[in-house]
Amino acid sequence: MSGSAVNLRARATAPSSMARMTAETDGPLLRVENLVKHFQIKSGFLGRNRGAVKAVDGLSFTVAPGETLALVGESGCGKSTTGRLLLRLIEPSSGAVWFQDRNIFELGGEEMRRLRRAMQIVFQDPYASLNPRMTVGEMLAEPLALHGLAPGAERMARVEELLGLVGLAPYQIRHYPHEFSGGQRQRIGIARALALNPSLVICDEPVSALDVSIQAQVVNLFMRLKERLSLTYLFIAHDLAVVRHVCERIAVMYLGRIVEIARREELYKRPLHPYTQALLAAIPVADPEVEARRPRAIVKGEVASALQPPSGCRFHPRCPKAMDKCKTVDPALSDLGDGRSVACHLYGAG
């Protein structure tokens with residue numbers, strides 16, 4: 001057996017060095033502090049500034065080693081932008097992201113390149129994220145070559161090992177993306193993310209483009225890989241029914257901000273923020289009689305523009321429980337204890 005295959009199997013049966021280091025210091029693997037990303041809007045011949053889209057507007061949270069934190073919310077709330085900021089695929093307007101006890105926004109190019117071995121992403125669309133001109137073997141070998149890992153014959157042995165991890169056959173190493181189904185393509189994307197033995201994997205809506213039956217298979221694969229490789233996930237999604245099966249904690253986003261963070265069981269049992277209540281009420285129930293009887297959390301109107309977000313609480317124009325204070329005072333994300341935080345004046349946040 002090649003050395004690379006041995007290394008991969010060792011990684012599959014023991015926690016990563018990063019996870020062990022973080023566990024020993026009893027600190028988070030990932031720490032985000034007041035992260036902001038505003039996209040400037042320009043127009044006209046002179047490119048005058050027309051304002052800024054406040055895609056991410058002051059996020060703070062942590063992810064513990066071995067944990068899966070779900071980041072959920074409607075389309076356009078800033079979830080995917082957050083994921084790209086955490087990997088420094090785009091630069092922030094302000095804020096800090098601490099990984100391996102280092103602020104990634106202070107690292108130079110070579111330092112950041114080395115750190116990216118420990119931080120990887122699985123993209124939403126398996127049809128767009130794979131190069132149609134490269135075989136599966138070439139795509140999985142590319143990151144190994146870029147980082148100088150598994151030289152010579154070891155590289156292909158490592159690629160075959162990765163294919164086996166995600167449930168694909170070794171002979172498929174010579175196939176092109178168009179020869180695979182959507183679920184198989186997403187498995188290839190997962191294998192590519194695992195090629196460098198990362199500690200943190202950001203999953204950006206990884207099942208939303210798949211059929212429902214295939215979604216379950218891919219979600220189960222994520223769960224098996226987490227246990228086998230001691231991975232930490234940030235699982236970005238808009239479907240609360242999906243994240244219920246994969247995460248330990250959930251952070252709910254609305255218009256660039258987190259409105260509630262709680263452990264999974266507590267959030268599904270007793271959501272506090274009116275927006276979280278509305279999201280959970282939108283999940284259909286299979287039993288039609290139960291579905292007809294259960295109470296509804298009615299949310300009026302449409303999501304406001306991130307170019308001109310409402311004053312005060314950003315959810316107040318749609319909130320059925322809005323008070324006068326909500327129109328002018330922006331509630332802070334307040335710690336209520338027992339791992340729960342909420343940004344709502346109903347619970348004394350202010």
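Here are a few worked exercises on the chain shown above.

The model is a predicted one, so local features need pLDDT of at least 70 and side-chain atom pairs count only at pLDDT 80 or more, while totals for chains, interfaces and linings use all residues. Residues are numbered from 1 along each chain as its sequence is written, and side-chain values use heavy atoms, with hydrogens and water left out.

**Exercise 1. Get an overview of the chain.**

Task: How many helices and strands are there in the chain, and what percentage of its residues is buried?

Solution: 
- Start with the elements: the chain has 12 helices and 12 strands. Both are DSSP runs numbered from the N terminus, with helices being H or I of at least four residues and strands E of at least two.
- Next, burial. Of the 350 residues, 50% are buried. Buried means under 20% relative accessible area, exposed over 50%, and partly exposed in between (1.4 Å probe, protein chains only).
- Last, contacts, meaning heavy atoms within 4.5 Å. Among those with a separation of 6 or more, 63% are between residues 24 or more positions apart.

**Exercise 2. Look at Glu260.**

Task: Is Glu260 buried or exposed, and which backbone nitrogen lies 2.9 Å from a polar atom of its side chain?

Solution: 
- Find Glu260 in strand 10, residues 257–263.
- Check its accessibility: Glu260 counts as buried because its relative accessible area is 0%.
- Now the side chain. One of its polar atoms sits 2.9 Å from the backbone nitrogen of His273.
- Then look around it. Beyond neighbours within four places in sequence, Glu260 touches residues including Ile250, Val252, His273, Leu333 and Arg340.

**Exercise 3. Do likewise for Gln120.**

Task: Which backbone oxygen does the side chain of Gln120 reach?

Solution: 
- Gln120 is part of strand 6, residues 119–122.
- Its relative accessibility is 17%, so Gln120 counts as buried.
- The side chain of Gln120 gets to the backbone oxygen of Arg116, at 2.6 Å.
- With neighbours within four places set aside, its contacts include Leu87, Ala193, Pro198 and Ile202.

**Exercise 4. See how helix 7 meets helix 8.**

Task: Which residues of helix 7 meet helix 8?

Solution: 
- On the helix 7 side, the residues are Gly183, Gln186, Arg187, Ile190 and Leu194. Among their partners in helix 8 are Ile214, Val218, Phe222 and Leu229.
- Sort the contact by class: eight nonpolar, three polar and one charged. Here Ala, Val, Leu, Ile, Met, Phe, Trp, Tyr, Cys and Pro count as nonpolar, Asp, Glu, Lys and Arg as charged, and the others, Gly among them, as polar.

Key: Polar contact = N/O pair within 3.5 Å; in protein donor to acceptor, adjacent residues only side chain to side chain.
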